[in-house]
Amino acid sequence: MSTSPALKKDQQLQNRARILVKCPDKPGIVSLLSSFLHTHNANIIASNQYSSDPEDGTFFIRIEYHCENLVGKRDAMEKEFAQLAKTHDMTYSFHYKAIRQRAAIYVSKETHCLMELLWEWQNGDLDMDIAVVISNSDVARPMVEALGIPYYYIPANKDIREQVEAQQIRLMEEFKVDLLILARYMQILTPNFVAHFESRIINIHHSFLPAFIGANPYARAFDRGVKLIGATSHYVTNDLDEGPIIEQDVERVDHRDDVATLKKIGQKIERRVLAKAVKWHLENRIIVEGNKTIVFH
């Protein structure tokens with residue numbers, strides 16, 4: 001009896017995983033990891049690695065592999081790998097393709113980035129479940145609820161920030177959220193909130209950081225007569241707009257472009273930069289190293 005395509009795909013997902021490793025660089029690390037997977041009859045599908053300095057640096061690697069009956073094996077594999085990691089001073093994480101991450105999207109009045117994420121998600125290009133959308137505006141409610149996604153309008157300003165964030169944290173726990181995406185959410189997050197979701201909050205900044213940090217970047221770019229404008233997606237830290245950068249892009253402009261035109265061009269860049277950053281996070285292509293990222297393409 002033949003297996004249906006849908007069932008076959010589900011079985012493939014159940015047996016696929018990725019492992020990210022960071023450790024002091026020394027000879028034999030790749031062989032060590034390959035041997036570990038081989039002993040469990042796992043087949044390496046893709047591998048990408050980087051060393052910051054071959055003589056005295058840090059080694060980073062992402063391996064995607066297929067392993068029959070992975071669901072039954074993975075606990076034992078992780079337990080065994082923990083001993084290996086301890087011996088070689090490895091920081092690591094296992095990720096299983098059958099376990100989809102649950103995302104919360106935060107948005108304010110400008111919806112272009114939200115709409116891009118919803119489109120990419122509907123199209124199957126963002127492998128996640130959108131658990132909830134949070135907003136300090138009601139503008140986006142119709143487009144979100146039309147897709148059956150819960151929408152919470154929570155007015156926010158600096159005077160009530162702590163109680164607002166307490167409510168948001170409760171919602172993140174209730175919806176079992178793994179990833180927070182700030183799709184032009186125009187509120188500053190407190191250190192307490194950020195600490196709950198370290199390296200799990202992705203922001204889009206409407207300029208090519210570190211240029212034009214803060215508000216009104218397009219007006220300031222126009223005043224400076226810039227020839228390139230861009231956007232930056234980064235992980236959120238307690239330093240405003242200074243977290244580890246995931247992706248950036250630019251487009252050329254000139255003196256004929258007014259502020260409105262610059263903003264329109266900039267919004268197109270914002271949409272694609274944020275979508276790329278989210279996709280790479282979901283595909284476990286990013287390792288955070290200090291205030292930088294290693295991104296495996």
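Helix α2 (residues 29-39) lies across β1, β2, β3 and β4 and runs at about 20° to β3. Contact here means heavy atoms within 4.5 Å. Helices (H or I, at least four residues) and strands (E, at least two) are DSSP runs, numbered from the N terminus. As for angles, axes are lines fitted to C-alpha atoms, for helices over the stretch in contact, and the values run from 0 to 180 degrees between N-to-C directions. Helix α3 (residues 70-87) also packs on the sheet, where it touches β1, β3 and β4, and its direction makes about 175° with that of β4.

All of this comes from a predicted model, where local features need pLDDT of at least 70, side-chain atom pairs count only at pLDDT 80 or more, and totals for chains, interfaces and linings use all residues. Residues are numbered from 1 along each chain as its sequence is written, and side-chain values use heavy atoms, with hydrogens and water left out.

## The sheet itself

The order in this open sheet of 4 strands is β2-β3-β1-β4, with antiparallel pairing. β2 (42-51) and β4 (91-96) sit at the edges with a single partner strand each, so one side of each is left without a neighbour in the sheet. From one strand to the next, the twist averages 15°. Two strands count as paired if DSSP finds at least two bridges between them.

Now for the pair β1 and β3. Strand β1 (residues 16-24) runs antiparallel to strand β3 (residues 58-67), and 9 bridges join them. Lys22 has Phe60 as its bridge partner in β3. Thr58 is in strand β3 too, and its C-alpha atom is separated by 6.9 Å from that of Lys22, 36 residues apart along the chain. Leaving aside residues up to four places away in sequence, Thr58 touches Lys22, Cys23, Asp25, Tyr50, Ser51, Ser52 and Glu289.

## A mixed sheet of 7 strands

Further along there's another open sheet, with 7 strands in the order β7-β6-β5-β8-β9-β10-β11 and mixed pairing. Its edge strands, β7 (151-153) and β11 (245-252), each pair on one side only. Neighbouring strands in this sheet are turned by 15° against each other on average, direction ignored.

Strand β5 (residues 101-107) pairs with strand β8 (residues 179-182) in the parallel sense, over 4 bridges. Ile105 stands opposite Ile181 in β8. Helix α4 (residues 112-122) lies across β5, β6 (128-135), β8 and β9 (201-205), running at about 160° to β6.

## One cavity

The structure holds 1 cavity of 30 Å³ or more. A cavity is a set of points, on a 1 Å grid over the protein atoms alone, where a 1.4 Å probe fits but cannot get out; lining residues have an atom within 4 Å of a point. The largest cavity has a volume of about 60 Å³, a volume being the space filled by probe spheres set on the points, with grid points joined across faces, edges and corners.

Its lining includes Arg161, Glu165, Tyr185 and Leu189. The lining residues divide into 5 nonpolar, 3 polar and 2 charged, where Ala, Val, Leu, Ile, Met, Phe, Trp, Tyr, Cys and Pro count as nonpolar, Asp, Glu, Lys and Arg as charged, and the others, Gly among them, as polar.

How values were computed
1 Å grid on protein atoms, 1.4 Å probe; cavity = no way out; pocket = protein on both sides within 12 Å on 5 of 7 lines; lining within 4 Å.
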